[in-house]
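Please keep the sequence and the model in view while reading.

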Amino acid sequence: MNVQSALKGQYHAGLKMMRQCVEQCPEDVWRGGTHPRNPWRIAYHAAFYTHLYLQPSEHDFTPWEKTDKSKDTARILWAEPPLVEPYTGDEILSYIDELDANVDGFVDALDLDADQTGFSWYPGMAKLDHQILNIRHLQGHVGQLSEILMALGIDTDWKAL
């Protein structure tokens, strides 16, 4: 197995797990929670940054076609971003599916031997390290969503690949 295949497999598995969390999240829980750590925002944040960091550089990023400009701050989980109307579960599932369908092409377009990430806010980090960080970031937020569901008695499955 090569590194690209391993990365693709882990991205697909992480996105499947996030999809499952979104599918199983009750509507009142989806929109609830403490701002800015609402489940809908956690899911959007994870999808947005997974998408962004799967690009060769910050300049190569093309936002999700369904991005609502009135929700530009929806990706922010820190400080006190403005309250915005949530993305629906179906909208986020669409984004996850679009990402999952494009993972292989995104990974194939990366120079995993590059000594820089292509993102100015990650200076001195190699591209392969950045991809591993991106998978850890996705899975960290899947863990948050999974814990919210587990507290409600809703269990999700672990996906290895």
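The residues lining the largest cavity comprise 6 nonpolar, no polar and no charged, where Ala, Val, Leu, Ile, Met, Phe, Trp, Tyr, Cys and Pro count as nonpolar, Asp, Glu, Lys and Arg as charged, and the others, Gly among them, as polar. This lining is made up of Cys21, Cys25, Pro39, Leu145, Ile148 and Leu149, and helix 5 supplies its largest share, 3 residues. A search of the whole structure finds 1 cavity of 30 Å³ or more, and the space in the largest cavity is about 40 Å³. A cavity here is a set of points, on a 1 Å grid over the protein atoms alone, where a 1.4 Å probe fits but cannot get out, and lining residues have an atom within 4 Å of a point; grid points are joined across faces, edges and corners, and a volume is the space filled by probe spheres set on the points.

The model is predicted, so that local features need pLDDT of at least 70 and side-chain atom pairs count only at pLDDT 80 or more, while totals for chains, interfaces and linings use all residues. Residues are numbered from 1 along each chain as its sequence is written, and side-chain values use heavy atoms, with hydrogens and water left out.

Helices are DSSP runs (H or I, at least four residues), numbered from the N terminus.

| Helix pair | Axis distance | Angle |
|---|---|---|
| Helix 1 (residues 3–24) and helix 5 (residues 127–150) | within 9 Å | roughly 20 degrees |
| Helix 3 and helix 4 | 10 Å | about 20 degrees |
| Helix 1 and helix 4 | within 9 Å | roughly 175 degrees |

Helix 1 is thus roughly antiparallel to helix 4, an angle over 145 degrees being counted in that way and one under 35 degrees as roughly parallel. In this pair, residues including Lys8, Arg19 and Glu23 of helix 1 meet residues of helix 4, among them Asp97, Asp100 and Asp104, contact meaning heavy atoms within 4.5 Å. By class, the contact of helix 1 with helix 4 has 11 nonpolar, 3 polar and 7 charged residues.

Helix 1 and helix 5, by contrast, are roughly parallel to each other, and their crossing is left-handed, meaning that the near helix is turned anticlockwise from the far one by less than a right angle. Their contact includes Leu7, Gly14 and Cys21 of helix 1 and Ile135, Val142 and Leu149 of helix 5, and it divides into 13 nonpolar, 7 polar and no charged residues.

Helix 3 and helix 4 are likewise roughly parallel, with a left-handed crossing. Ala43, Tyr44, Ala47, Phe48 and His51 of helix 3 meet Ile92, Tyr95, Leu99 and Phe106 of helix 4, a contact of 8 nonpolar, 1 polar and no charged residues.

Two backbone details lie in loops. His35 and Pro36 are joined by a cis peptide bond, with omega about 0 degrees, and Pro36 lies in the loop between helix 2 (27–31) and helix 3 (39–53). Ala79, a residue other than glycine, has a positive phi near 55 degrees and sits in the loop between helix 3 and helix 4 (89–108).

Methods
Axes are lines fitted to C-alpha atoms, for helices over the stretch in contact, and angles run from 0 to 180 degrees between N-to-C directions. Angles under 35 degrees count as roughly parallel, over 145 as roughly antiparallel, 65 to 115 as roughly perpendicular and the rest as oblique. On a 1 Å grid over the protein atoms alone, a cavity is a set of points where a 1.4 Å probe fits but cannot get out, and a pocket is an open set with protein on both sides within 12 Å along at least five of seven lines; lining residues have an atom within 4 Å of a point.
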